[in-house]
Amino acid sequence: MPRRSPLITVMANAAYKAAKGLVRDFGEVEQLQVSRKGPADFVSSADHKAEATLVEDLRRSRPKFCFLLEEGGVIEGEDSSNRWIIDPLDGTTNFLHGIPHFAISIGLERDSKMYAGVIYDPLRDELFWAETGIGAFINSKRLRVSSRRNMGDAVIATGMPFKGRASHPEYSEMLDTVSGETSGVRRFGSAALDLAYVAAGRFDGFWEFALSPWDIAAGLVILREAGGLVTEVDGGDQMMKSGDVLASNGVLHNPLRELLAKAADSGK
Ligand code: IPD
Ligand code: CA
Ligand code: CA
């Protein structure tokens, strides 16, 4: 059993605490599906409550750290080298529809680099966590990316463009090509868990465009510490800025990147 550092303990405890409220609210969402008002307002309040719990808890343990929050935006702190990057509920659409697949994501950026991350799936009680130089873990077990070497055996996750999100012009070509060359493509609806699942060897790769920093902050460090590779879809390293992400077990990184590039070319 790896000993969690005080930092990871603080992050995990904040996630466990906020998760209790989310799980309670998730139980109510199904009831609300049939009501006239619909569950949207309720879910947005669940989301805000979870974020408030996380901020309160993390602030108590690390009062000087800054925050970048999906709901609340930027909160400056005295210690400008440490910044929490938080998505209190990743997989909102799933949550809203009563689909049991969502997570809390907490990343810690230190000196402008992702340093530690925790992604908690409360319904499965799976805590994915990593700290730079220490490794990546699921609960108390070490995480390792898959060792699959053949594209034909790979299962690849993605996030598809949806209403309100600018579509990437070549996306459907990419989806077609990857589906035709692999064992299958999955769209589960939580980018944070998609990255955690690549780290756990459940998926062999993942790509999505236009994500936000809070969707990927924790996942980037968990994936790297699990031996995976993450770049932009075109191979660049500005994922936190562009939100374009290509993640893999490392071995399949270039083959997948080439496949996506070929598809993009033929979609032009
Ligand atoms: C979304 C999820 C989804 C991804 C979207 C994100 P949210 O986050 O991660 O999988 O496709 O791009 O915005 O809105 O559920 O926090
Ligand atoms: Ca998100
Ligand atoms: Ca969210």
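User: Which residues does Gly117 touch, not counting residues up to four places away in sequence?

Analyst: Gly117 touches Ile8, Met11, Ile106, Gly107, Phe128, Trp129, Ala130, Ala218, Val221 and Ile222, where contact means heavy atoms within 4.5 Å. Please keep in mind that this is a predicted model, in which local features need pLDDT of at least 70 and side-chain atom pairs count only at pLDDT 80 or more, while totals for chains, interfaces and linings use all residues. Residues are numbered from 1 along each chain as its sequence is written, chains are lettered from A and ligands numbered from 1 in the order in which they are written, and side-chain values use heavy atoms, with hydrogens and water left out.

User: Why is Gly117 called buried?

Analyst: Gly117, which lies in strand β5 (residues 113–121), has a relative accessible area of 0%. Buried means under 20% relative accessible area, exposed over 50%, and partly exposed in between (1.4 Å probe, protein chains only), so Gly117 with its 0% is buried.

User: Why is Ser112 called exposed, and what is said of its phi?

Analyst: Ser112 lies in the loop between β4 (103–110) and β5, and its relative accessible area is 68%, which is over 50% and therefore counts as exposed. Its phi is positive, about 65°, although Ser112 is not a glycine.

User: What makes Ala210 partly exposed?

Analyst: Ala210, in the loop between β11 (205–208) and α6 (213–225), has a relative accessible area of 35%. That value falls between the two cut-offs, so Ala210 is partly exposed.

User: What makes the pair Asp25 and Lys49 a polar contact?

Analyst: The side chains of Asp25 and Lys49 make this contact at 3.1 Å. A polar contact is a pair of N or O atoms within 3.5 Å; within protein, one must be able to donate a hydrogen and the other to accept it, and residues adjacent in sequence count only if both atoms are side-chain atoms. The 3.1 Å is within that limit, so the name applies. Asp25 itself is found in helix α1 (residues 6–33) and is buried, because its relative accessible area is 8%.

User: Which atom of Arg187 lies 2.9 Å from ligand 1?

Analyst: A polar side-chain atom of Arg187 lies 2.9 Å from an oxygen atom of ligand 1, whereas for Ala191 a backbone N or O atom lies 2.9 Å from an oxygen atom of the ligand.

Note on methods. Helices (H or I, at least four residues) and strands (E, at least two) are DSSP runs, numbered from the N terminus.
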